[in-house]
Each structure stands twice: as C-alpha cells, then as structure tokens.
Amino acid sequence: AYNFCAGPAALPEAVLLRAQAELLDWHGKGLSVMEMSHRSDEYVAIAEKAEQDLRDLLAIPSNYKVLFLQGGASQQFAEIPLNLLPEGGVADYVDTGIWSRKAMEEARRFGTVNVAASAEAYDYFAIPGQNEWRLSKNAAYLHYASNETIGGLQFDWVPELGDVPLVVDMSSDILSRPIDVSQFGLIYAGAQKNIGPSGLVVVIVREDLLGRARSACPTMLDYKVAADNGSMYNTPATFSWYLSGLVFEWLKEQGGVEVMAQCNHAKKELLYGFIDASDFYTNPISTNARSWMNVPFRLADEKLDKAFLAGAEARGLLNLKGHRSVGGMRASIYNALGLGAVEALVAYMAEFEKEHG
Ligand code: PLP
C-alpha cells in the first residue's frame, strides 16, 4: 500500500524495519530505546547523532541551535511570540492558509500582529509577491509558512527583509529540498511529515535570538533553557527523537536533501502534469506556488468522490481524501513516498477517468 496521508505520514519502510529489529533489544543492551534513561551514555549518543545528521543534511551553521522539543508545531505558535515578541512589540505575519492563520491568531494573545500580506485576495490560490507586502517599521520578526499543507500552497522563494528575523513554519516541507539556513532566524517543523513520529517538533534557532523570552514565559517554553539543557530540561520524547535519527540516517544514505529534491521534483511534475493534461481533474493553485509535498485536486463531479476513494483504497492507495475544510482530494507525497507511489496514483486516476469521465 501507498500512504498519501498529510500527517502523521508514511515513514520510510527501511526505517520502520530497523526500528522493529531494534525494538526489544537495542544493540545487544537488553533493553528498548523506550526504556533507556535519557541521561544514559547510550541515549545521549543516539540524540547527539540525530542532531549531527540533521546538521549535516541541512548544512546548519554552527551559530544555530537545534532543539528537539514537544508539543508539535502548534505549541510553537505561542512559543515564538513568548520568546521573540517583546511586550508592546509588533510582529509581521503572512497569511497563506490555515496554518499561518492559526500561528497568527495565537500570536495575537501576546502582542500586536500586523498582517503584512494575505493570499485571501487570490482565494488562497497564489502568494502575494513581496512588493505587495505591507511590513511594519519595527517588527520583532516576520512569520510565514513555507508550505501550507491543507491548501497546497508553497513558497518557491525566501523573503528578504534585511535585519528582521524570518521565522518559518517548515512542518510540511523541511528536508524535501535544500535550504540556506542562514537566511532564517528560526525554522520549526512538526515531525510527523518528513522527520518522524508526531508530538516532536524540531526548532533550528540562531543563537542571538536566545535569551529574549518574556518573564512570564513558562520555563518549559524558553528556547534558552532548552538550548542550555540540550533539549533535556525535562524528559524529552526519547523514542520519537531516536526514530527521527533513523530517518536522518536513511536520508543521508539516499544521498541527502539534493537527491530528495530531484525525486520530489519528478514526483510533482508527473502528478501536476497529469492533472493539467486532463479535463477531469483540476488543481487551482498558480503554477509557481504549487506545493511539491501536498497536491490537492478535484474531480469534475464531486458526486464521484466516494467511488474514487473506494477504488483507490481497494488498490492500496490510502488517505487521498482532502482536508474537511477544502474537500476534494489531496495526495501528500513526502520524502518516504517514491516515484512508484505517484506512478501508481496516476495510473489509477487515468483508469478512473476513462471509466467515469
Ligand atoms: N504547521 C503546518 C504547516 C502543519 O501542516 C501542521 C500540521 O500538521 C501544523 C503546523 C501543526 O502541527 P502539530 O499537529 O504538530 O501541532
């Protein structure tokens, strides 16, 4: 079966097999990683290797901390302003869909949010260019989501704002193609798409942004406390961290993020190419803002949705139903799904169109 779920998403089979092989007896130690003290030499080595592999994959500069935190990406919606938005300050937010709006709504609890730009003017089918943005004068940071998982809207460019730190939600496109980490003040990503199991969130933060938390910021949410304690101020999500490490190892074995990008490019070209060539399927997103990771599409007649999904499931093409707020279909094609998954999907779509089109 191929799992097209938006998240928790498919994990590489090789990673799951390895985790299974190590589950009861990790490296002959007679216990599972789940049962290890996070302070033990063995676990600290697992955690450090995971961090180093992620640093290697994304060429993370040494003046950035990598944090393995809990609470998912959604907790960052509050954690970011608590750490980076001073009392009485203003932060710029770009609205490109549901996730960036959730981040914005949460930030409003802590200070002034300036909506610098919104894709609403384009029905969320395109991203306003930076020349259309209305930036505030003294923003503490600018927040945006590089890929909107639900709408399927992705930036293919990075905003340029001089000294204003860029804070980016990369939950659904981190590790899918190369990035230049030094362009960002803070990158965060919920793990359950391209990293590992849900609940974990990876934060990559420039060191000069640490130590700015408001006095009311809970200790557990203070980035500096997390950084000073190697993400082990409390007991971390040890098994999720370990499994993410296995994914990073797998990614390195595959040839790293550049190789992933080539594969992801081929996957999205095939799927969008097929949709565009058909009169039966549509994707409304403007070409330069189409997500490489989440491809929403509609059938010519939504009355056929049920039959399409049932036929897909019968062929082992799982979780293609679109998000309830959008309807239609959505194929999430993260790193763990190879080109073969998209080929199988396109073959089924062609067959279904022939039968019902
Ligand atoms: N941001 C984006 C872009 C997402 O796709 C998601 C959903 O998984 C989230 C944030 C929320 O993540 P979490 O459920 O880990 O809080």
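The following legends describe close-up views of a predicted model.

Local features are described where pLDDT is at least 70 and side-chain atom pairs count at pLDDT 80 or more, while totals for chains, interfaces and linings use all residues. Residues are numbered from 1 along each chain as its sequence is written.

**View 1. Residues surrounding the ligand.** The shell around the ligand consists of Gly7, Gly72, Ala73, Ser74, Trp99, Ala145, Thr149, Asp169, Ser171, Ser172 and Gly190; a residue is near a molecule if its C-beta atom, placed from the backbone, lies within 6 Å of it. Helix 3 (residues 72-84) contributes the largest share of this shell, 3 residues. Helices are DSSP runs of H or I with at least four residues, strands are E runs of at least two, and both are numbered from the N terminus. By class, the shell comprises 3 nonpolar, 7 polar and 1 charged residues. In this classification Ala, Val, Leu, Ile, Met, Phe, Trp, Tyr, Cys and Pro are nonpolar, Asp, Glu, Lys and Arg are charged, and the others, Gly among them, are polar.

**View 2. Positions listed as "binding site" in UniProt.** The unreviewed UniProt entry lists Ala73, Ser74, Trp99, Thr149, Asp169, Gln192, Asn234 and Thr235 under this feature. These positions span 163 residues in sequence, and their farthest two C-alpha atoms are 30.4 Å apart, so they do not all gather at one spot. UniProt positions are given in the numbering used here, feature names are shortened, and annotations may be inferred rather than shown by experiment.

**View 3. Ser74 and Trp99.** Ser74 is found in helix 3 and counts as partly exposed, with 16 C-beta neighbours inside 10 Å. Trp99 is found in helix 4 (residues 98-107) and is buried, with 23 other C-beta atoms within 10 Å. A residue is termed buried if 20 or more other C-beta atoms lie within 10 Å of its own, exposed if 12 or fewer, and partly exposed in between, with C-beta atoms placed from the backbone. Leaving aside residues up to four places away in sequence, Trp99 touches Ala145, Glu148, Thr149 and Asp169; contact requires C-beta atoms, placed from the backbone, to lie within 7 Å.

View 4. The unreviewed UniProt entry places the feature "modified residue: N6-(pyridoxal phosphate)lysine" at Lys193. Lys193 lies in the loop between strand 9 (186-190) and strand 10 (200-206). With 30 C-beta neighbours inside 10 Å, Lys193 counts as buried. Its contacts, not counting residues up to four places away in sequence, are Gly7, Ala9, Ser171, Ser172 and Tyr334.

View 5. A cis peptide bond, with omega of about -5 degrees, joins Gly7 and Pro8. Pro8 lies in the loop between strand 1 (2-3) and helix 1 (13-22). Ala59 has a positive phi of about 45 degrees although it is not a glycine, and is placed in the loop between helix 2 (41-58) and strand 2 (64-70). Ala59 is partly exposed, with 13 other C-beta atoms within 10 Å. Asn319, likewise not a glycine, has a positive phi of about 60 degrees and lies in the loop between strand 13 (317-318) and strand 14 (329-332). Asn319 is partly exposed, with 19 other C-beta atoms within 10 Å.

View 6. Strand 11 is joined to strand 12 (residues 294-299) by 2 bridges, with Thr282 opposite Arg298 and Tyr281 partnered by Leu299. Strand 12 and strand 14 pair over 4 bridges in the antiparallel sense, and Val295 stands opposite Ala331 in strand 14.

Note on methods. Contact = placed C-beta atoms within 7 Å. Pairing = 2+ DSSP bridges.
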